[in-house]
Amino acid sequence: MFKEERKSLRFDWSHLGNIEWGRPNLGPQTTVAVYRLMQFTLRDAIIAHTDVATANRIFYDAGQSAGKSMYEHLLHDTQDFDGFIAELQETLRNLSIGILRVEASDLLMHRFVLTVAEDLDCSGLPMSEELVCTFDEGFIAALFSAHFGRQFTARETDCWCTGDRVCRFEVVLAKT
Amino acid sequence: MEHKDIERLDRISAHLHALLHNEQPGVLDLTGQQEDEICQVGEFVNTLTEALSALTNAAHHLSIGDMDVPIIAKLPACHHLKNLQATLRHLTWQTGQIAKGDFSQRVEFLGEFSHSFNWMVEQLEAYRQRILGQNRELERLASTDSLTGVYNRRSFMAFATKEFLRSRRYSHIFSAIQMDIDHFKKINDTHGHAAGDEVLKAFTANCLEVLRESDVLGRIGGEEFSIILPETDLAGALIVAERFRQTIADLKVYVDEQIVHFTVSIGVTNLRQDDTGIEAVLRRADEALYLAKNGGRNKVVSAG
Ligand SMILES: [Zn+2]
């Protein structure tokens, strides 16, 4: 399940286990620091073993897998775009992932600009020239792909780390 | 302190003075001088001047509603401006959504403005709901007869026309009934107009009880009524008409402790191949009704 060799992604929502049953005393919550400890040590180790480009690709792919899985398990499939965004906003907020807001939506050209404030991955990180929310890029791309039934890509154009108070993502149709 | 150091400090001082008085000082040029503490202060002043200039520029653009200017965040104040910029961009999008009719949008993080804005959206939604309700009520009033609550002539004809076209297109059948309350003028003259109104109300109420939900009853004149019976052949329509004639003949309407009896004459027909419009169908039912009247009233006559 977790340690078999593979060439393509095999994640399944069931891999998250029965948390309620498994943590009767500690419950389902942990802290943002613990989440970041995992994410940034993992990034660190992957870069050390491979390179930055590979690490980014891994985080993007993992984000996509997470977004796809979350869409299937937590969101409803039968909605228009407004309903999709409203439900996504509520879900991301309820899960303390971030505050999602839309800056632009062009349903004809399939181009969207979103921001995430108080982002789980990066809000409050030290300043650098880097856009670090690669996982979120894949995550958002997969959510939009699942909603529209077409392949989307997402690119972070502004990040807390580059001095923005929010992370800004541009979501467009993937070039075929 | 050496004279040239005093002179350098003077230049830094003049630069800061200009900055504080809203003038645009040029870049402090302290190059060519020795690398000492004064020189370093000069560099900080230059960096600060540049950051302040960027901040002023960003603040200016935001103040005139230009939300696309890239804000380079060198000072903490710029972060707040970027935050505001993101909020305003989202607000712009939200306003567009509201204009499209998405009243679920709510503004956050803008303090008092959020309250007012959200209140406005709630009010807009409430107004819209009220207007929709009023429109529905107006629509109902415009399409029904105020005394009996059944379709008025205009909406009955609209329905009948639609039913005619639908039946033609899909080769379906329907029947039409024309009815006239017998000696209605006499009821009015003998018992008064209030009694006439009671008779009309009792008539439609009993008629609706005999009809199916898909059948449509309309009051097309004073005491004249029409019915369209979709998917009903002539034999079926005659059964309905006869049952209804009998119901009305047995009916007692109480008005001011008096019992009013009345009867109805009925003409029945069904859609035929050569009918060119709903008018032709209703005219035939009318002719049958005329025969029922002439044949002694309280009768059902078929034009089939
Ligand atoms: Zn970010």
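Student: Which strands does helix 4 of chain A lie across?
Tutor: Helices and strands here are DSSP runs (H or I of at least four residues for helices, E of at least two for strands), numbered from the N terminus. Angles run from 0 to 180 degrees between N-to-C directions, with axes fitted as lines to C-alpha atoms, for helices over the stretch in contact. Contact itself means heavy atoms within 4.5 Å. In this case helix 4 of chain A lies across strand 1 and strand 2 of chain A, at about 160° to strand 1 of chain A. Helix 5 (residues 134-148) of chain A also packs on the sheet, where it touches strand 2, strand 3 and strand 4 of chain A, and its direction makes about 140° with that of strand 3 of chain A.

Student: Before we go on, what kind of model is this?
Tutor: It's a predicted model, where local features need pLDDT of at least 70 and side-chain atom pairs count only at pLDDT 80 or more, while totals for chains, interfaces and linings use all residues. Residues are numbered from 1 along each chain as its sequence is written, chains are lettered from A and ligands numbered from 1 in the order in which they are written, and side-chain values use heavy atoms, leaving out hydrogens and water.

Student: What is the strand order in the sheet of chain A?
Tutor: Two strands pair if DSSP finds at least two bridges between them. Here four strands make an open sheet in the order 1-2-4-3, with antiparallel pairing. Strand 1 and strand 3 of chain A are at the edges with a single partner strand each, so one side of each has no neighbour in the sheet. On average, neighbouring strands are turned by 25° against each other, direction ignored.

Student: How many bridges join strand 4 of chain A to strand 2 of chain A, and how many join strand 4 to strand 3 of chain A?
Tutor: Strand 2 (residues 111-117) of chain A pairs with strand 4 over seven bridges, antiparallel, and A:F112 stands opposite A:V171. Strand 3 (residues 152-158) of chain A is joined to strand 4 by six bridges, also antiparallel. There, A:T153 stands opposite A:V172, and A:F152 has A:L173 as its bridge partner.

Student: And what does the sheet in chain B look like?
Tutor: Five strands form an open sheet in the order 2-3-1-6-7, and the pairing is mixed. Strand 2 (216-219) and strand 7 (300-302) of chain B are the edge strands, each with a single partner strand, so one side of each lacks a neighbour in the sheet. The twist averages 20° from one strand to the next. Strand 2 of chain B pairs with strand 3 (residues 224-230) of chain B in the antiparallel sense over four bridges, with B:I228 as the bridge partner of B:V216.

Student: How many residues are in contact between chain A and chain B?
Tutor: 17 residues of chain A are in contact with 14 residues of chain B. Buried area is the accessible area (1.4 Å probe) that two parts lose on being put together, summed over both. For these chains that is about 1500 Å², with carbon and sulfur atoms giving 48%. A:R101, A:E103 and A:R165 supply 38% of the area that chain A buries against chain B, more than any other three residues.

Student: How many salt bridges cross the interface of chain A and chain B?
Tutor: A salt bridge is a side-chain nitrogen of Lys or Arg within 4 Å of a carboxyl oxygen of Asp or Glu. The rule finds three across this interface. One of them links A:E103 with B:R89, whose closest N and O atoms are 2.9 Å apart.
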